Structure formats: structure tokens, C-alpha cells
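The following exercises concern a structure made of two chains. Please work through each task before reading its solution.

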Amino acid sequence: MKISKLELRNWRGFYKQQEITFSVDNRKPVTTIIGDNQTGKSDILRAIHWVLFDETPEHTHTPQDLINNFAEKEDKNASAKVSLEIITDDLITYKITRILRTDLDKGGGPSEFSVSELDHASNTFKKKNTPNEKQWINENILMHHLRHIFLFQGEVLSKAFDAGDSKQLKKSIENLTGSNYVNEASKMIDDFIDQKEIEQARKQTTINRDENLRKKIDEWQDEKKKILQKISELEKDKKNLENERVEIMLKLRGSKNAELAAITATVDSLNEQIRVSENELTEIQENKFKMIGEYGFGLFTLESLKQFASRDDESKNQPEFLETIGTPIREKALQKLLDKELCICGRDLIDGEEPFKKIKEEIAKTDSGSMATALRNIDSLANSENIKAEFFKKRFPEIKKQYSDTEKRIEEFKFKLADSKDKMNALSYSNFDERELNDRLTKINEQEFPPIEQRLDEERFELHNINQELASAKAKTPKGPSDIDEIDKIIESAKIFRKELDEFSEDYEEKIASDLKEELQNLVGKYGTKGELIEFDQDSYIPHLCSAATGERNPQSEGGANMKSIFFGSSLVKLAVSRKDDDPEWLEPGTTFPFVCDAPFSVLDGTNEGNAAEVVIGSGTQVILLVNTKAFMSDTGIYKKLQKLKKEGKRWFLSHHIPGKQGSEVDSDGVVIGKDVYKPFVEDSDFEGSKAWEAKEI
Amino acid sequence: MDISNKSKNKILKATIKKCKNLSLRNDTIAVKKEKVFKYLNDSISKALKGEEVEDK
């Protein structure tokens with residue numbers, strides 16, 4: 001990280017807008033700012049301190065009077081403003097600005113902080129959102145704890161040494177090297193492992209529970225399978241019984257009835273035919289008997305007539321039954337015609353006319369005595385009986401045959417009826433036994449079905465219970481696979497990480513102390529009293545110079561506290577920015593903030609000045625060296641060292657105009673830089689306060 | 001699968017940086033742990049699967 005520019009406006013001794021540009025060339029890492037006492041050297045360091053942390057370092061004179069007094073006299077609303085341009089290691093250029101509207105000693109409010117970032121495309125700065133300025137500075141620019149190391153004022157460290165503030169020093173060193181964060185990360189990983197192990201234990205418990213649950217589920221599944229098997233068998237049995245029952249019912253109802261109905265119809269028909277035939281037979285029989293009777297009576301009558309006709313004794317009376325034979329009907333009918341005088345053809349019968357006469361003659365013919373009548377009757381009777389006898393002889397065989405046929409037919413019908421009745425019986429009792437079927441049906445319904453139904457109910461109830469248990473258990477078991485293996489691996493990996501950090505940290509602090517001590521010892525050996533030793537207070541980093549011979553502390557040796565603080569400060573900076581080849585890759589590079597050094601060169605003798613400058617320049621980072629004019633004279637150690645090292649990129653000269661002494665000559669030879677000689681207060685102008693002049697080396 | 005050296009360095013570096021930044025923000029221990037633990041868990045998990053690890 002490098003500081004490329006500092007802009008000051010009405011900041012303490014710097015009146016109006018002034019800017020100082022710094023060398024950012026790696027080959028020329030040192031910018032020297034030269035100025036007499038009271039010309040504003042330390043204000044440059046303070047300005048950097050203030051813009052970053054909103055505070056001025058300890059030992060700052062009038063720390064609440066930051067706005068240039070002359071500017072305030074000109075304009076009571078004058079404000080102080082400092083802008084610091086910084087180029088990060090990632091080549092981002094930030095412009096950090098702080099403005100103070102009213103001095104704190106006049107009841108001013110807080111300063112205004114802002115950060116903008118250089119947009120390389122447009123070459124303009126664009127404001128960044130930095131809601132927490134302290135956090136942003138800490139994370140991106142310089143940690144607060146390290147401010148006194150990189151914004152170096154010899155006095156601060158000297159006082160820390162004197163005060164024995166080992167805690168502050170230790171913290172600074174830890175922050176500087178990042179070892180505290182390594183330790184913190186190590187502890188954090190430790191806690192992480194603890195947490196994961198707890199999580200693992202919990203998971204294991206859950207897994208055990210789940211395993212038990214799974215076992216239980218398996219058992220229930222087996223049980224369920226068995227129950228389902230039982231249910232299946234029972235249902236099969238039940239189905240068989242139902243089928244059998246249906247079969248029986250069908251036998252008992254549908255099929256038998258159909259067959260029986262047909263036979264019954266046949267029987268009914270036969271019965272009817274028999275009845276009709278028997279009626280016919282009865283009728284024939286009656287006719288036959290009537291015919292026989294009539295025929296017999298006729299024969300008797302004829303025989304009687306023959307006997308009468310062939311009687312030898314004329315006196316014999318005719319058979320009594322002949323006397324009762326009917327009245328002569330013909331004569332009566334003719335007589336009725338004559339009486340009515342109307343013929344049956346509708347013509348009138350007129351007495352005297354022919355038809356009338358003929359009828360009279362006919363009546364007369366028939367009008368005989370009782371004998372004639374009897375004979376006529378006998379003859380008529382004999383003829384009639386004879387006709388009947390003839391008819392009987394002819395008809396009787398037919399009736400006999402008819403009777404016989406009817407009898408035969410009836411016999412046939414009866415035979416058929418008997419056969420049908422046999423079939424009916426056969427249907428009812430021969431092919432299957434209805435009673436047996438009914439018995440079987442009863443047994444099925446009353447004895448075999450109920451136990452099956454009951455067992456089915458029991459098994460189904462059991463199945464329901466198991467299903468509920470299973471559902472509950474399944475809901476409790478995790479859906480996916482357990483991630484305990486992953487947790488194991490995470491813990492294993494974290495332990496490897498921790499081990500690596502632990503191994504690193506184990507001797508890292510010792511290593512830091514050793515490196516720091518070695519660096520300090522080198523410096524003491526090179527620039528201090530020969531043989532003098534650097535020792536740290538026990539368990540701290542407070543350095544002491546000790547006599548090699550006696551081991552006694554010698555605080556005044558070779559510049560005493562001032563040199564010691566310069567050695568210490570620059571060694572720390574060197575330690576922070578250096579990376580060892582054997583440092584692990586994960587170790588962040590140390591802080592690389594520029595070393596702004598306002599060392600008390602003026603109080604050192606010439607040799608120590610030069611040595612101090614050499615030490616500071618060798619810190620390995622960008623150096624901003626604030627040097628007293630007197631110490632930078634051409635014959636001083638600093639001048640010689642800088643000339644010798646030839647590392648300067650820029651030189652600045654600060655002049656100071658004391659109010660009321662405009663144009664005053666200053667009793668100074670001035671500083672020769674290149675072809676120019678710079679003297680304070682040389683110009684006759686209205687300028688009051690400090691002014692920074694760039695003094696480029698040619 | 002073992003974590004690659006590259007992933008390991010990345011995770012350690014990011015963890016240290018997180019610890020540093022969270023400390024600088026004066027976050028509480030609980031917040032620190034929550035954030036660092038989450039990062040460790042996620043990044044180690046990813047690294048174990050051979051996935052690219054984030055360094056933030």
C-alpha cells in the first residue's frame with residue numbers, strides 16, 4: 001500500500017489548499033519532507049492520522065484546534081479538510097477525505113468522512129458507500145492498533161517502553177503479524193469442532209433412535225405381511241364359502257325350479273288330457289249304455305210284436321204296453337189345417353176345393369178303428385225299432401272302438417303322467433339332496449362363516465393398529481440419508497486445519513519474538529554500542545539494551561530510548577511487511593501501510609541521525625521521512641545517508657511564515673536541494689502559516 | 001474425498017480474515033461464531049465434494 005497524495009486545506013498550520021505528492025516508485029520508496037521546527041512536519045503525520053482515525057496522536061499540541069487560525073480570521077465559516085490518496089496492493093486508488101466545519105474547542109460537531117474510488121476509465125473519483133468508517137479503515141487501510149507503529153513518532157514508543165505498556169505492544173505486534181487472528185481462527189475452529197461433535201453426537205443419537213425405529217418398522221412390516229397373508233387366506237376361505245353358498249342357492253332355486261316347472265307343466269297337461277279323455281270315456285260309456293238299452297228295448301218290442309203277430313190264438317190281447325202307444329198325430333195335424341182353413345204353404349183351404357177335399361180324404365183314410373190304429377202303431381213301432389236295431393248293429397262296434405281307444409289314450413296319458421311324476425321326484429330327491437344342501441347352507445352360515453368373519457375382523461383390527469404404528473414411525477424417520485458421514489469428514493478436516501494452525505502458532509510467537517529480537521540485535525550490533533544486547537522483558541516485547549559484559553540495562557546507551565524506539569518501530573514494520581519463504585500460503589501478508597516516520601532526529605547526534613535514517617529507510621515499505629532542516633544540512637548524517645542510498649523519489653520543503661513577520665529574513669543557510677537553496681521565511685508575501693514546496697532533485 | 005491443498009489454504013486464509021474482520025467490527029462472540037461456523041461448514045462441505053471454495 002502506498003500514499004500517493006495528501007491534500008490539506010486550512011489544516012492546522014497549512015493555510016488554504018495545499019498538496020503534497022509522494023513517491024510511489026518502488027525503486028525510490030522514500031519521500032523526504034524537510035522543515036524547521038514549527039513548519040508543519042508533524043502536522044503532516046497528524047493529518048494522515050486524523051483523516052484515517054478522526055483523532056490526533058497523543059502529545060499533539062492543541063488537539064482540538066484543527067482549523068487554520070488565519071483562515072478562521074478571514075472567514076469565520078472556514079473549514080479544515082484533509083484528503084489522502086492511497087493506492088492499495090490491488091492497485092485500487094482511494095481518496096479518503098475528512099472535513100471539520102467547526103473546531104472542537106469552539107463546540108464543533110463531528111467531522112465528515114467520505115471515501116471515493118478512482119475510476120480509471122474516466123479518471124475521476126466516485127464516491128463509495130462506507131456506512132461504518134472505522135470498520136472500513138480497519139479492514140481496508142490500517143488497523144487502529146497499528147497506527148502508532150506505521151505513523152511513527154519516536155516519543156510514543158519511547159513512552160510505551162517507559163510505561164512498560166507490554167499489553168499494548170503485544171497487541172500491536174500480534175495485529176501486525178496477524179498471529180492473534182491465527183490464534184483466534186484456531187480457537188474458532190476448535191469451537192467449530194466442538195459444535196460439530198455435539199451435532200454429531202445428536203445425530204448419532206437420532207440415528208440410533210432411527211435404527212431402532214427402522215428395526216421396529218421392519219418387524220411391523222413382517223407382522224403386517226403375516227397378517228395380510230392370514231387375511232388373504234381367510235378371505236380366500238370366505239370366498240370359497242361364498243361361492244359354495246351361491247352354488248347351493250342356485251341349485252336350490254334357479255336350476256331346480258326351471259326343470260321342475262317344465263315337468264310340472266307336463267304333468268298338469270297330462271292331468272288335463274286325462275280328465276278330458278275320462279270325460280269323453282264317460283260320455284261314450286253313457287252313449288253305449290243308452291244304445292244298448294234302446295237296442296234291447298227295440299229287440300224286446302220287436303220280439304213282442306212278433307209273438308203277437310204270430311199268435312195262434314186271435315183272442316189273445318195285444319201286449320198291454322201296445323195300448324199306451326201314442327195318438328195318431330198325422331190325422332190331428334191335418335184336422336188342424338182344415339180347422340184353420342189355412343194350408344201350411346200359406347194358401348187358404350176353402351171347403352169344397354180340391355186341397356180341402358184331399359185333406360179330408362186323407363183324414364178319412366186314417367180315420368179307422370182302434371185296430372187299424374193299433375196296427376198302424378205296431379207297424380210304425382216295428383219299423384222304428386228295426387231302424388234302430390240296424391243303426392245299433394252298425395254303430396255299436398264304432399262306439400266300442402271309440403271307447404276302447406279312449407281308454408287306451410287315457411292309459412297312455414297316465415303312463416306319461418307317472419313318468420313325469422317320477423322325473424319330478426327324481427329332480428327333488430334323486431340328483432341332489434336338497435336337505436343336505438340346506439344343511440350345508442345352514443352350516444356355512446351359522447358355523448363356518450362367523451369364525452372366519454370374526455378372525456377377519458381381528459386381523460383387520462391388528463392390521464389397522466400396525467398401519468398406524470408404521471405411519472407414525474415412518475413420519476419420525478428421516479426421509480433422506482443421514483449426513484453423519486459428512487459431519488465426520490467435516491470434523492476430520494477441521495481437525496487437520498486446526499492441527500496445521502496449532503503447529504504454526506505453536507512456535508510462531510516465539511518466532512516473532514526471536515525474529516524481532518534478531519532484527520533489533522542486528523541494528524544494535526550495527527548502529528549501537530558494540531556487544532550490547534537487546535533483551536525483552538519477561539513475557540513481553542519491551543526491549544532493553546543491556547551491557548554484554550555486565551548484563552545490566554543501559555537505557556542511555558547510544559541514543560537511548562530514541563534510538564531504541566526507532567530500531568523497534570522500524571523492525572516491527574520490517575517484520576510486518578516481510579513474508580518468510582516457509583510461511584504457509586494461508587497466512588495473509590503482513591500489513592503494508594507506508595512507514596510515516598517523524599523520528600526525533602534533531603535530538604540525535606550526527607551519527608545516530610544517519611543511522612536512524614538508514615534504519616528507517618531499510619524498513620522495506622514506502623517511507624515518508626519527516627526531517628528537521630537542521631538535520632538535513634549537507635553535512636549531516638541523514639543527508640549523507642540519503643545521498644548515499646539515492647532512494648528518494650521526492651523531496652518537499654516546508655516553509656513557515658509567522659504572522660506579523662512578513663518578509664522577515666531567517667537566520668538560516670537554507671537547504672540545498674539540487675540547484676536550489678531553500679530557506680524558511682524568505683519571501684515577502686501575505687502568506688501566513690506553513691507552505692509546502694516541492695523540491696525536486698535534479 | 002480429501003480436501004485439496006488449494007482448498008485448505010483458501011479456507012484457512014478466509015477463516016483468519018473473517019476472524020480479523022469480525023474482531024475489528026467488534027461483533028459479539030455469538031455473531032462471530034455464527035458467521036465463521038457457517039463459512040467453515042459450507043466451505044469444508046464443498047471442498048469435500050471437490051467443488052470450488054469461496055474465499056469470502
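**Exercise 1.** At roughly what angle do the axes of helix 1 and helix 2 of chain B cross?

*Solution.* The model is a predicted one, in which local features need pLDDT of at least 70 and side-chain atom pairs count only at pLDDT 80 or more, while totals for chains, interfaces and linings use all residues. Residues are numbered from 1 along each chain as its sequence is written, and chains are lettered from A and ligands numbered from 1 in the order in which they are written.

Step 1. Identify the elements: helices (H or I, at least four residues) and strands (E, at least two) are DSSP runs numbered from the N terminus. Chain B has 2 helices and 0 strands.

Step 2. Take the axes, which are lines fitted to C-alpha atoms, for helices over the stretch in contact, with angles from 0 to 180 degrees between N-to-C directions. The axes of helix 1 (residues 5-24) and helix 2 (residues 29-48) of chain B come within 10 Å and cross at roughly 170°.

Step 3. Classify the angle: under 35 degrees is roughly parallel, over 145 roughly antiparallel, 65 to 115 roughly perpendicular, and the rest oblique. Helix 1 and helix 2 of chain B are therefore roughly antiparallel to each other.

Step 4. List the contact (C-beta atoms, placed from the backbone, within 7 Å). Helix 1 of chain B contributes residues including Ile11(B), Ala14(B) and Leu22(B), and helix 2 of chain B contributes residues including Val36(B), Tyr39(B) and Ile44(B).

Step 5. Sort by class: Ala, Val, Leu, Ile, Met, Phe, Trp, Tyr, Cys and Pro count as nonpolar, Asp, Glu, Lys and Arg as charged, and the others, Gly among them, as polar. The contact has 9 nonpolar, 3 polar and 3 charged residues.

**Exercise 2.** How many residues of chain B are in contact with chain A, and which helix of chain B supplies the largest share?

*Solution.* Step 1. The interface joins 23 residues of chain B to 24 residues of chain A.

Step 2. Each of the two helices of chain B supplies at least two residues of this side. The largest share, 13 residues, comes from helix 1 of chain B.

Step 3. By class, the side of chain B that touches chain A has 11 nonpolar, 6 polar and 6 charged residues.

**Exercise 3.** At about what angle do helix 13 of chain A and helix 2 of chain B pack?

*Solution.* Step 1. Helix 13 of chain A (residues 484-527) packs on helix 2 of chain B at about 105°, with the axes 10 Å apart.

Step 2. That makes helix 13 of chain A roughly perpendicular to helix 2 of chain B.

Step 3. The residues in this contact include Ile490(A) and Ala494(A) of helix 13 of chain A, and Leu40(B) and Leu48(B) of helix 2 of chain B. By class, the contact has 5 nonpolar, 3 polar and 2 charged residues.

**Exercise 4.** In which sense do strand 1 and strand 2 of chain A run, and how many bridges join them?

*Solution.* Step 1. Chain A has 16 helices and 16 strands.

Step 2. Strands pair if DSSP finds at least two bridges between them. Strand 1 (residues 2-11) and strand 2 (residues 14-21) of chain A run antiparallel and are joined by 6 bridges.

Step 3. Within this pair, Lys5(A) has Thr21(A) of strand 2 of chain A as its bridge partner. The two strands form a hairpin with 2 residues between them, and Arg12(A) in the turn has a positive phi of about 45°.

Conventions: Two residues are in contact if their C-beta atoms, placed from the backbone, lie within 7 Å.
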